[in-house]
Amino acid sequence: MDFVDRLCDRINEIPGLPVTCKLGYLGTEESLVLYPLPGSRITAKYMDGTSDQQLNYEIAMKSKLQSKISSVLWLVQNELEALEELESQDGSFEFDELVITNKPFINQIDDQGWFVFLLDVQANITVFKEDE
């Protein structure tokens with residue numbers, strides 16, 4: 001299923017985004033990342049193997065500039081909150097909605113001056129059974 005890839009691509013299509021979003025966890029330098037969170041679940045399962053799923057993701061940004069993180073994550077949040085369509089490239093899912101579960105918030109600051117802010121989202125999608 002290519003949902004997380006398409007979501008990452010959509011974030012990178014945001015006009016004026018000053019940093020590229022990647023899948024995975026924060027690096028040692030300034031970074032913007034998308035990764036899954038615990039608690040995702042199947043909400044309905046159908047006879048043909050199709051399922052409705054609720055998927056939890058987090059978008060994290062690390063920088064020494066708190067104002068940059070704030071502006072980037074609010075830009076991402078505003079775009080994702082208005083997201084109405086997200087197409088699968090391999091036909092593996094159908095997008096229903098994306099809900100912002102936590103607006104951007106500060107998570108940590110370390111002794112080297114790095115700030116980390118987080119934005120949490122929940123996607124509701126229909127996942128089609130893979131052909132065997």
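Against which elements do the buried residues of helix 1 pack? They pack against strand 1 (21-23), strand 2, strand 4, helix 2, strand 5 and strand 6. The model is predicted: local features need pLDDT of at least 70, side-chain atom pairs count only at pLDDT 80 or more, and totals for chains, interfaces and linings use all residues. Residues are numbered from 1 along each chain as its sequence is written, and side-chain values use heavy atoms, with hydrogens and water left out.

Helices (H or I, at least four residues) and strands (E, at least two) are DSSP runs, numbered from the N terminus. Buried means under 20% relative accessible area, exposed over 50%, and partly exposed in between (1.4 Å probe, protein chains only). Contact means heavy atoms within 4.5 Å. The buried residues are Phe-3, Val-4, Arg-6, Leu-7, Cys-8, Arg-10 and Ile-11.

Helix 2 (residues 66-81) has 16 residues, which should span 22 Å at 1.5 Å a residue; its end C-alpha atoms are 22 Å apart, in agreement. The expected span is 1.5 Å times one less than the number of residues. Ile-69, Val-72, Leu-73, Val-76, Gln-77 and Leu-80 are buried in helix 2. They cover an arc of only 135° around the axis, which puts them on the same side of helix 2. The arc is that of the directions from the helix axis to the C-beta atoms. An α-helix has 3.6 residues a turn, so residues three or four places apart point the same way. The buried residues of helix 2 pack against helix 1 (3-12), strand 2 (31-36), strand 4 (51-63), strand 5 (93-109) and strand 6 (115-127).

A nonpolar core is a set of buried Ala, Val, Leu, Ile, Met, Phe, Trp, Tyr and Cys residues joined through side-chain atoms within 4.5 Å. The largest such core has 33 residues; Phe-3, Ile-11, Leu-32, Leu-34, Ile-59, Val-76 and Leu-80 touch the most other members. Two or more residues come from each of helix 1, strand 2, strand 4, helix 2, strand 5 and strand 6. Strand 6 gives the most, with 7 residues. Beyond residues up to four places away in sequence, Leu-80 touches Leu-7, Ile-11, Ile-59, Leu-98, Ile-100 and Val-121. Another core, of 5 residues, lies apart from the largest one and includes Val-33, Tyr-35, Ala-60 and Leu-118.

The whole structure holds 3 aromatic pairs. Rings of Phe, Tyr and Trp (its six-membered ring) pair if their centres lie within 6.5 Å; planes under 30 degrees apart count as stacked, over 60 as edge-to-face and the rest as tilted. The centres of Phe-3 and Tyr-57 are 5.8 Å apart with planes at 40°, so this pair is tilted. Phe-3 lies in helix 1 and Tyr-57 in strand 4, so the pair ties together parts 54 residues apart in sequence. Phe-3 and Phe-93 pair edge-to-face, at 5.3 Å centre to centre and 85° between the planes. Phe-93 lies in strand 5, so its pair with Phe-3 in helix 1 ties together parts 90 residues apart in sequence. Phe-3, Tyr-57 and Phe-93 form one aromatic cluster.

Val-116 lies in strand 6. Val-116 is buried, with a relative accessible area of 6%. Its contacts beyond four places in sequence are Leu-26, Met-61, Lys-62, Ile-69, Phe-105, Ile-106, Asn-107 and Gln-108.
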